[in-house]
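Hi everyone, thanks for having me.

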Amino acid sequence: MSYKEKEFLITKPTKAYQFLKEALGLSMAEAQKYINKGRVIYQNKVLQNNEKNKILEKSVSVLQFSTECKGLKPLFVNEDFAIFNKPPKMLIHPKGRFTHHSLIDEIKATLGERATLVHRIDKETSGLVLVARDYKRASELGELFMQGLVFKKYLALVKGVMEFGEFCFSLPLATQKKGCDLSVRSLYLGQKEGIELNFKEAKTHFKVLQTHKNTTLLEVFPISGRTHQIRVHLFALGFPILGDPLYGCEDDKSRLYLDREFIQEGYEPLSDEERERYFGAFRLMLQAQELGFCYKGKDYIFKLEQEF
C-alpha cells in the first residue's frame, strides 16, 4: 500500500475539517485523523494537529490510499463489519518506511476507504480478523475487545510433548523501547534484570489436544491481549511455537529474519526452506481459529474449519 497525492480545487474559503467532511464524506473524527496523520498538504506544508480550523483557499492536496489488491475476499460481510481470514506472513498494515502489501490493501480495496481494523494479529499468525465498515463501528466493536466480551480461540503447534489437560498460565509481559537489539520481542517478568519496563498482567488458557512425535497441538484462549502474548507465554513454558522466528530460536537467526523482512529494502524475504531450517517450519504454526461476540443484540460466532 502507498499514498498518492490528489489535488482539490477550493471555490470559496473553507475550514480544513469542513473541506475534508464535504470533499471526502468524512466525519469530524475522521477528518481530524487525516490531519493528525499528516495527510493534508496546504501551500506546500503539512497541516498540523491543531490546524483543523485553518482557512483553506484556492487548492489543497490530500494523500489518499493507493492499494495493491491481490484478491483476498472477506469470509463474511454485512452493513457493520466483515471477517477476513488473513494468510500467514501478511502484515496487518504497512510497517516502517516501506510500502509492504498488507491486509489493509485488501480491506480498503474491497470495502472502501473508511473500512478499518478493529483488532490486530501478528504478521506471522494466520486466521480471523474483524474489520469495521467505518470508524464509528470500529469504536463500538473495539469496546467489546476492551471489555473482554469477545471470545477468541487459537490453534498452536509447539515444540515438545506436553501432558494432556487444561491449565491457565499467568505471567506479566512488557514491550521494549524501540531501537535496541531485538526490541521487537516482548519480555516476560524476570527474563532480564536491570531493565525498567512497564510489565502488565497477561493470562492465557491452554488445552492440549494431541501430541505427535516431538510436537503438541493446543487450543489457546487468550484472556488478556498483550503483544505476542501466546508466543511469549509458550516460550516461557519451554514449548515455543513451531516456526517462530522470534521466540525459541537463535538470536542471529531472528536478526536475519528481521533484516530480510523489514529492514533491508530490496532484499528477498526468507524462503520456506530457510524458515524450515532456522525455525522448524515454513511458517509460524499459530492460527486465530474462532471469534465470537454479541453486537447490536445479535450473537455471532465465526470458525475456521481447516487447521493451518
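Let's start with a question: which side chain meets the side chain of Glu140 in a salt bridge? Before I answer, a word on what you're looking at. This is a predicted model, where local features need pLDDT of at least 70 and side-chain atom pairs count only at pLDDT 80 or more, while totals for chains, interfaces and linings use all residues. Residues are numbered from 1 along each chain as its sequence is written, and side-chain values use heavy atoms, with hydrogens and water left out.

Now the answer: the partner is Lys136, at 2.6 Å from N to O. By salt bridge I mean a side-chain nitrogen of Lys or Arg within 4 Å of a carboxyl oxygen of Asp or Glu. Both residues sit in helix α4, residues 135-146, and they are 4 residues apart, about one turn of the helix. Helices here are DSSP runs of H or I with at least four residues, strands are runs of E with at least two, and both are numbered from the N terminus.

How open are these two to the outside? Glu140 is partly exposed, with a relative accessible area of 29%, and Lys136 counts as exposed at 58%. The cut-offs are these: buried is under 20% relative accessible area, exposed is over 50%, and partly exposed is in between, using a 1.4 Å probe and protein chains only.

Across the whole structure, the search finds 21 salt bridges. One of them joins the side chains of Lys123 and Glu261, at 2.4 Å from N to O. Lys123 is in the loop between β7 (116-117) and β8 (126-132) and Glu261 is in helix α6, so this pair ties together parts that are 138 residues apart in sequence. And are these two buried or exposed? Lys123 is buried, at 13%, and Glu261 is buried too, at 10%.

Helix α6 has another link. Its Arg255 forms a salt bridge with Asp181, with the closest N and O atoms 2.8 Å apart. Asp181 lies in the loop between β11 (173-174) and β12 (187-188), so here the parts tied together are 74 residues apart in sequence. Arg255 is partly exposed at 33%, and Asp181 is partly exposed at 46%. Elsewhere, Asp80, Asp134, Arg137 and Lys296 are linked in a network of salt bridges.

Let's stay with α6 and look at its neighbour. Two packed helices are described by the angle between their axes and the distance between the axes. For α6 (residues 251-263) and α7 (residues 272-279), the angle is about 155° and the axes are 11 Å apart. Axes are lines fitted to C-alpha atoms, for helices over the stretch in contact, and angles run from 0 to 180 degrees between N-to-C directions. The two helices are therefore roughly antiparallel, a label for angles over 145 degrees.

Which residues of α6 meet α7? They are Lys253, Leu256, Tyr257, Arg260 and Glu261, and on the α7 side they meet Glu274, Arg275, Tyr278 and Phe279. Contact here means heavy atoms within 4.5 Å.

One last stop is helix α5, residues 229-236. In α5, 6 of the 8 residues are buried, so this helix is largely enclosed by the rest of the structure. Among the buried ones are Ile230, Val232 and Leu234. Just after α5, Gly238 takes a positive phi of about 90°.

Key
Parallel < 35°, antiparallel > 145°, perpendicular 65-115°, else oblique.
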